Amino acid sequence: MTATYRAARLPPRDLLALGMLGLRTRKLRAALSALGISIGIATMIVVTAIPASSHQALLRELSELGPNLLTAQPIPDQDPPVLLPQESIAMVKRIGPVTAVSAVANTHATVRRSDRIAAGDFSGLSVLAARSDLMGVMGASLSSGRFFTPVDEHFPTAVLGFAAATRLGLGAISESDRPAQIYIDRRWFSVIGVLEPVPLAGDLDQSVLIGWSSAETLLHFDGHPTVLYVRAREQVLEDVAAVLPATVFPERPGQVSVSRPSDALAAKRATEKSFSSLFLGLAGVSLLVGGIGVANTMIISVLERRREIGLRRALGASRAQIRAQFLTESVILSGLGGLAGTLLGVVATLGYATWQNWPPVIPAGSVLGGCAGAVVVGVAAGVYPSIRASRLTPTEALSVAA
């Protein structure tokens, strides 16, 4: 009776140790092989993460240009003049996609540096009633001082536009000093702040802003807004613009002029589309180059060790064990290379983005894809050579020159 022998099954721990054996005994070749894989994976991460960081920086700059800002105001030069309803601000807030609303109103008051100066010396400066949330809606910033608080709105206080402050001869405002005063319609107003130039509304630079409530009580302002500033979600900005006239002035929507969406919005959308296509193209090319490098490295690595395979076969190793050994080694080598390449790509991206003062953006898909892709490509590259080598007979494999 002939006895049959079945090759012992390698436990995962032994299989892992066996796969690491080839890497430990050929450290230089393993390091060079892993380096090739790392460069491919790092390239894939860098060419996706750096454009993503640049893209984010560009979108941030475009967002500062107000791509989601609309303005609504009466059509000018009408006789009699069109007055927007006092309730128009509250009505616009009810539009679902609208995120913020503020307004200014022309009080038709005159402003002077003092009561000793003729009113005509400061012609061209407008006195506007402003709501306390105007600065946040417009994305404006202060040069000095402060903007209106809910308390300031009820008192004779003023905030100057950048050009208006220059015309009135006022510099930086310090809250610790006695506030400077200006003369508006025979009343003294304390200047509490000066705005930086407002790119989204140049008219504010030439204006003197006073609180909405104080304009009603001190200057007999009737409460009808002149210009509404509306922020809405970018995706539906055109829809908001379409319903805004009827919302602002239901009785006479044709008398309301609504600004078209900013050109910055179109530029932002075109940028998003073009950069998305660029990301896909760069990632595909880098992954292809990295995959070819991995496949070439693993095929050469396996074919160069055919004598080792023959020796192990002669000592009783089965074909399945040979295949498992080299596949494990392929996975380990590719995984280490992919991990090193991922870390290298992340560090390079962070360094470059910091140098360029960009917000660093590391796409999670690139990081996960870098590690997983290296392993998958490594396995694919090691399957065919390991199968072919495992089919060699011991005598045939040992006869191959080293």
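**Helix packing, cores and a pocket in a predicted model**

Gly 341 has its place in helix H10, which spans residues 319-355. The model described here is predicted. With a relative accessible area of 0%, Gly 341 is buried, because buried means under 20%. Apart from neighbours within four places in sequence, the residues in contact with Gly 341 are Ser 38, Ile 41, Ala 42 and Ile 45. Leu 327 is partly exposed, with a relative accessible area of 26%. Between the C-alpha atoms of Leu 327 and Ile 387, which are 60 residues apart along the chain, the separation is 9.6 Å.

The chain as a whole contains twelve helices and eleven strands. Of its 402 residues, 43% are buried. When contacts between residues at least 6 apart in sequence are considered, 81% of them join residues at least 24 apart. The accessible surface of the chain comes to about 20900 Å², and carbon and sulfur atoms account for 59% of that surface.

In soluble globular proteins, nonpolar side chains tend to be buried together. The largest nonpolar core of this model has 46 residues, and the members that touch the most others are Val 92, Leu 160, Ile 182, Ile 184, Val 208, Leu 244 and Val 248. Helix H7 (residues 237-248) gives the largest share of this core, five residues. Another core, of 19 residues, lies apart from the largest one; Val 137, Val 159, Leu 195 and Val 227 are among its members. For Ile 182, contacts beyond the neighbours within four places in sequence include Leu 160 and Val 208, both of which also belong to the largest core. Further contacts of Ile 182 are made with residues including Arg 112, Arg 113, Arg 187 and Trp 188.

Asp 185 is found in the loop between strand E7 (181-184) and strand E8 (187-195). Its phi is near 45 degrees, a positive value in a residue other than glycine. Most residues other than glycine have a negative phi. At 38% relative accessibility, Asp 185 counts as partly exposed, because this value falls between the limits of 20% and 50%.

A positive phi is also found at His 108, where the angle is near 60 degrees in a residue other than glycine. His 108 lies in the loop between E2 and strand E3 (111-112). At 68% relative accessibility, His 108 counts as exposed, because exposed means over 50%.

His 108 is also part of the lining of the largest pocket, and with Val 82, Leu 83, Asn 106 and Thr 226 it belongs to the residues nearest the pocket centre. Rolling a probe the size of a water molecule over the atoms shows where empty space is left. The space in the largest pocket is about 440 Å³, and 21 residues line the pocket. Strand E1 (69-74) and strand E2 (98-106) each contribute at least two residues to this lining. By type, the lining of the largest pocket is made up of eleven nonpolar, eight polar and two charged residues.

Technical notes
Residues numbered from 1 in each chain as written. Predicted model: local features only at pLDDT ≥ 70, side-chain atom pairs only at ≥ 80, totals over all residues. Heavy atoms only, no water. Helix = DSSP H or I, 4+ residues; strand = E, 2+ residues; numbered from the N terminus. Buried < 20%, exposed > 50% of the residue type's maximum accessible area, 1.4 Å probe, protein only. Contact = heavy atoms within 4.5 Å. Areas by Shrake-Rupley, 256 points an atom, 1.4 Å probe, with all protein chains shown as cover. Core = buried A, V, L, I, M, F, W, Y, C linked by side-chain atoms within 4.5 Å. 1 Å grid on protein atoms, 1.4 Å probe; cavity = no way out; pocket = protein on both sides within 12 Å on 5 of 7 lines; lining within 4 Å. Points joined across faces, edges and corners; volume = space filled by probe spheres on them. Nonpolar A, V, L, I, M, F, W, Y, C, P; charged D, E, K, R; others polar.
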